[in-house]
Amino acid sequence: MNERMERLFPALRGVPYEITSPATPGYNCIAWAAGDDSRWWEPAEPPSSYYWPEGVSRRYTLEAYAEAFRHLGFEDCENARLEQGWEKVAIYAKEDGRPTHAARQLANGDWTSKLGGLEDISHPEPDHVSGTAYGRPVLFLRRRRAGYTPTTNQEETNP
Amino acid sequence: MMSLSALQSGSSADVYLSDESARLAAPIRRLSEIGRERGAPMSLTEAKLASAGVLAQRFDALAQAWRRECGHLSSVREMILHPAYQQIIGMGRDALPFLLRELERQPDHWFWALWAITQENPVPVEHRGRVPDMARGWLEWARQRGIRW
């Protein structure tokens with residue numbers, strides 16, 4: 001239990017979340033959802049000195065954030081439900097449509113979020129970090145999970 | 001160099017040898033007034049040190065507030081709009097030693113403030129987003145210009 005975290009994200013109270021990294025400003029939620037823990041991703045135009053995928057619009061819009069993930073092979077999908085062999089991300093936005101956060105689904109169906117410059121956490125549902133700070137998940141995308149080999153007539157249990 | 005008595009008089013014909021001297025004049029004058037009121041003599045050096053201490057305290061308080069209230073944000077654009085961050089930018093070049101000290105001690109997203117104050121950006125494209133490298137770039141930039149922190 002982390003009091004500060006639960007104050008910022010009240011939906012975590014009573015939920016089996018886990019802190020999975022130390023706090024660091026070295027990478028943010030967008031980077032972490034994209035699998036990058038070495039850079040802070042930010043669409044700001046220069047003189048901002050942050051990383052943004054080449055060729056993706058440098059705008060603080062849901063579409064630009066979604067495009068950053070499509071650039072990595074993600075495609076839009078309907079929901080956050082676990083689908084074997086698929087890796088999903090959720091993009092969060094405030095009511096005014098401003099993107100605020102991204103979370104990535106783990107192979108077991110839980111989600112992982114980097115909370116700004118704070119720690120990474122794993123949490124059972126995307127909505128466990130919804131609220132005043134981040135708004136709510138509004139867009140889901142998916143791509144084939146690395147190393148996944150589809151089989152027929154049996155449930156895949158790749159890690 | 002302007003004498004302490006000239007600073008104390010607050011003459012409208014004040015002339016300063018540097019912008020930094022001009023910026024320090026008002027707090028030095030105030031500290032001298034305090035010294036006179038309390039009957040304690042204060043040298044220009046003591047006044048300057050006291051002023052630097054005031055700046056340090058102000059910066060530290062603002063930096064702490066910013067970290068406390070913006071630590072969970074994933075957008076630097078939101079972080080820099082926080083009033084504490086804006087007030088640090090408002091300190092101008094007085095904030096540079098403190099910003100550089102912070103980068104050396106615990107790299108964080110002070111880069112926008114540094115750019116806003118200096119209008120320079122020493123971060124090469126290949127280091128974009130790599131916070132430790134960005135911090136090192138700024139510290140090297142400062143060393144090359146003889147800026148002390």
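**Note on a predicted two-chain complex**

1. One salt bridge is counted between chain A and chain B, a salt bridge being a side-chain nitrogen of Lys or Arg within 4 Å of a carboxyl oxygen of Asp or Glu. The partners are R98(A) and E78(B), whose closest N and O atoms lie 3.7 Å apart. Taken over all chains, the count by this rule comes to 21 salt bridges.

2. The model is predicted: local features need pLDDT of at least 70 and side-chain atom pairs count only at pLDDT 80 or more, whereas totals for chains, interfaces and linings use all residues. Residues are numbered from 1 along each chain as its sequence is written, chains are lettered from A and ligands numbered from 1 in the order in which they are written, and side-chain values use heavy atoms, with hydrogens and water left out.

3. At the interface, 28 residues of chain A are in contact (heavy atoms within 4.5 Å) with 24 residues of chain B. The two chains bury about 2200 Å² between them (accessible area lost on being put together, 1.4 Å probe, summed over both), and carbon and sulfur atoms account for 53% of it. On the side of chain A, P47(A), S49(A) and Y50(A) lose the most area to chain B, together 28% of what that side buries.

4. Between chain A and chain B there are 17 residue pairs in polar contact, both residues being at pLDDT 80 or more. A polar contact is a pair of N or O atoms within 3.5 Å; within protein, one must be able to donate a hydrogen and the other to accept it, and residues adjacent in sequence count only if both atoms are side-chain atoms.

5. Chain A contains three helices and seven strands, taken as DSSP runs (H or I, at least four residues; E, at least two) and numbered from the N terminus. Along the sequence their order is α-β-α-α-β-β-β-β-β-β. The C-alpha trace of chain A spans about 55 × 40 × 30 Å along its principal axes.

6. Within chain A, the side chains of R142(A) and E75(A) meet in a salt bridge of 3.0 Å, N to O. R142(A) belongs to strand β7 (residues 136–144) and E75(A) to strand β2 (residues 75–77), so this pair ties together parts of chain A that are 67 residues apart in sequence.

7. R39(A) deserves a separate remark. It lies in the loop between α2 (29–33) and α3 (62–70) of chain A, and a polar contact of 3.0 Å joins its side chain to that of D36(A). Leaving aside neighbours within four places in sequence, R39(A) is in contact with residues of chain A including G26(A), Y27(A), N28(A), A31(A) and Y51(A), and also with R128(B), G129(B) and R130(B).

8. Confidence should be considered when reading these points. The complex receives an ipTM of 0.88 and a pTM of 0.81 from the predictor. Chain A has a mean pLDDT (the predictor's confidence in each residue, from 0 to 100) of 92, and 94% of its residues reach 70 or more. Over residues 153–159 of chain A the pLDDT is below 50, and this stretch has eleven contacts in the model beyond near neighbours in sequence. For chain B the mean pLDDT is 83, with 66% of its residues at 70 or more. Over residues 1–8 of chain B the pLDDT is below 50, and this stretch has 21 contacts in the model beyond near neighbours in sequence. Where pLDDT is low, the predicted coordinates should not be read in detail.
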